[in-house]
Amino acid sequence: MKNRLSWLQLLLGCFFCFAVIAPLLSMFLTIDTVHLKSVFSNKAFRSAAYNSVLYSCCSALLSILLGGLAAWCVNRSNIKLKKIFIAILTLPMLIPSISHGTGLVILLGANGILTNLLGLQFNIYGGLGIILGSVMYSLPVSFLMFYDILKYEDALPYDVAETLGINKFHQFKDLTLPYLRKPLISIAFAVFTMIITDYGVPLMVGGHVKTLPVMMYEDVIGLLDFAKGSVIGAVLLIPALIAFVVDYLNRSEATASFIKTPFCIRKNKKRDFFSYLFLSVISVFVLLPLLTFAFLSFVTKYPMDLSFSVNHVQRTIEMGGLHYLINSLLIAFAAAGVGTMGAFSTAYLSARAKTKSSYFLHLMSITSLAIPGIVLGLSYVLFFNGSWIYGTLAILILVNMVHFFASPYLMMYNTLNKMNRNLEDVGMILGVTRLNLIINVIIPQVIPTLKKMAVYLFVNSMMTISAVSFLSNVSNKPIALMITQFEAIMMLECTAVVSLLILGINTLMQFAVMRE
């Protein structure tokens with residue numbers, strides 16, 4: 001049995017080598033010293049690199065501060081409507097990053113809703129727009145990571161500190177900060193990497209301010225300069241690899257802990273008032289762009305004619321919207337179904353079937369965490385070009401599965417590691433086959449995790465633009481890429497329709513699958 005499991009582990013490990021490592025190697029093989037010198041000596045490249053680092057640092061810092069404070073307000077106050085605030089703060093995760101840039105243009109552009117309403121002299125294009133859009137895009141991730149950390153913090157040390165008369169400042173300095181130190185490092189790198197590798201927001205609101213992902217996108221899509229794109233892709237791998245190593249080291253050094261004492265939150269009107277105020281302001285910040293999509297989708301022509309109309313919906317359908325929506329749904333359902341089964345099988349083989357190949361399989365399974373979507377997409381172009389799969393829906397399903405595989409895998413891996421280690425041994429003694437044990441004992445216990453995995457894969461496959469932008473054509477294009485198409489011809493009303501449609505489908509899927 002162990003030999004059979006080892007072969008299965010090696011087989012899956014080889015699949016990841018083929019689907020992740022080989023495409024990356026093909027990208028690196030297109031790079032030579034001539035291309036390196038050409039790119040690094042280019043002033044535009046150095047300017048884009050500087051912009052990427054500068055605005056990503058500013059955006060990440062703001063996102064971490066706002067996300068951490070929002071998580072504290074939810075976890076450490078007695079306010080009501082906590083579930084509603086959590087739902088609002090996670091809504092931006094359900095639309096593509098470029099939609100956040102679109103929302104800012106609709107609100108604060110030269111002819112934006114708030115610009116006209118308040119008479120603002122405001123230029124959203126440039127560094128400020130990139131920072132605002134990137135904060136909106138990354139805030140849900142920052143909030144959820146902090147929320148999870150604070151939710152499972154042990155209250156016992158704080159109770160002891162209160163008994164000893166230690167004031168709040170010293171409790172924060174000596175208890176909270178040490179507790180947050182390692183998670184904060186992981187959050188900082190995760191948020192920074194998420195922002196610096198995104199091209200949706202800067203493409204929409206960057207204006208003359210170019211970032212490395214936008215430069216890579218323009219070189220590959222506009223100029224078909226794959227060699228230059230490969231160099232920029234290799235540069236973008238650096239922060240992602242650092243984030244991967246830091247997160248992996250933190251994860252491997254972590255020890256299991258259990259909450260022994262839940263927090264008993266005392267009455268404090270000032271704290272609760274501040275929490276209501278802060279969460280309300282952040283919620284408005286999050287909801288405004290989303291509400292503008294609904295407004296702009298159903299007016300005749302903003303700002304000249306605000307009467308109700310479905311012309312933009314009809315125009316979106318006429319330009320292929322229905323066909324591209326079907327493509328997206330097929331990709332998302334296939335990635336969710338096959339990806340969930342694959343992630344469960346891989347997690348079981350690496351977590352429950354300990355052999356010499358287990359660590360290799362685990363390492364291969366989380367490798368995609370270190371690869372930005374735009375880099376993975378380019379590597380797939382170079383590796384699969386000319387093959388039967390290239391230009392089909394299958395390659396988009398594959399790239400989405402690989403791109404988003406690591407997170408669902410880790411969800412199941414952690415869940416299976418918490419289960420009794422002796423289940424398989426007991427089953428063997430009782431004459432129960434491993435397959436029957438998995439079907440009748442393990443799967444019923446992990447159904448909530450399976451649902452989360454499926455929703456994660458579906459939602460991200462519906463809204464991603466980075467991994468699929470280089471691989472799509474007229475026949476297999478997903479609907480999210482219509483946003484870039486409409487943006488290029490300044491049809492903002494139609495971009496709003498597409499963004500609203502993606503938001504609605506993803507929200508419906510989350511509600512349908514995750515409801516109790």
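**The nonpolar interior and its setting**

Reply: The accessible surface of the protein comes to about 24500 Å², and carbon and sulfur atoms account for 69% of that area. The model is a predicted one. Its chain forms 23 helices and two strands. The radius of gyration is 24 Å, close to the 24 Å that the globule rule gives for 516 residues, so the protein is as compact as a globular protein of that length. Along the principal axes, the C-alpha trace spans about 75 × 65 × 50 Å. Of the 516 residues, 52% are buried. Among contacts with a separation of 6 or more, 82% join residues 24 or more positions apart.

The largest nonpolar core has 118 residues, and V375, Y380 and L416 are the members that touch the most others. Helix α14, residues 311–351, supplies the largest share of this core, twelve residues. Apart from this core lies another, of 27 residues, which includes I79, F143, F192 and F278. In general, nonpolar side chains tend to be buried together in soluble globular proteins.

Leaving out residues up to four places away in sequence, V375 touches L24, M27, M216, G233, L236 and L237.

Helix α14 also holds T340. This threonine has a relative accessible area of 10% and is therefore buried, since the limit is under 20%. Beyond residues up to four places away in sequence, T340 touches L450, M453, A454 and L457, as well as A335.

C494 counts as buried because its relative accessibility is 1%. With neighbours within four places in sequence set aside, C494 is in contact with H312, R315, T316 and F486. The C-alpha atom of C494 is separated by 46 Å from that of F360, a residue 134 positions away along the chain.

L118 counts as exposed because its relative accessibility is 56%, and the cut-off is over 50%.

Methods:
Residues numbered from 1 in each chain as written. Predicted model: local features only at pLDDT ≥ 70, side-chain atom pairs only at ≥ 80, totals over all residues. Heavy atoms only, no water. Core = buried A, V, L, I, M, F, W, Y, C linked by side-chain atoms within 4.5 Å. Buried < 20%, exposed > 50% of the residue type's maximum accessible area, 1.4 Å probe, protein only. Helix = DSSP H or I, 4+ residues; strand = E, 2+ residues; numbered from the N terminus. Contact = heavy atoms within 4.5 Å. Rg over C-alpha atoms; globule rule 2.2 N^0.38 Å. Areas by Shrake-Rupley, 256 points an atom, 1.4 Å probe, with all protein chains shown as cover.
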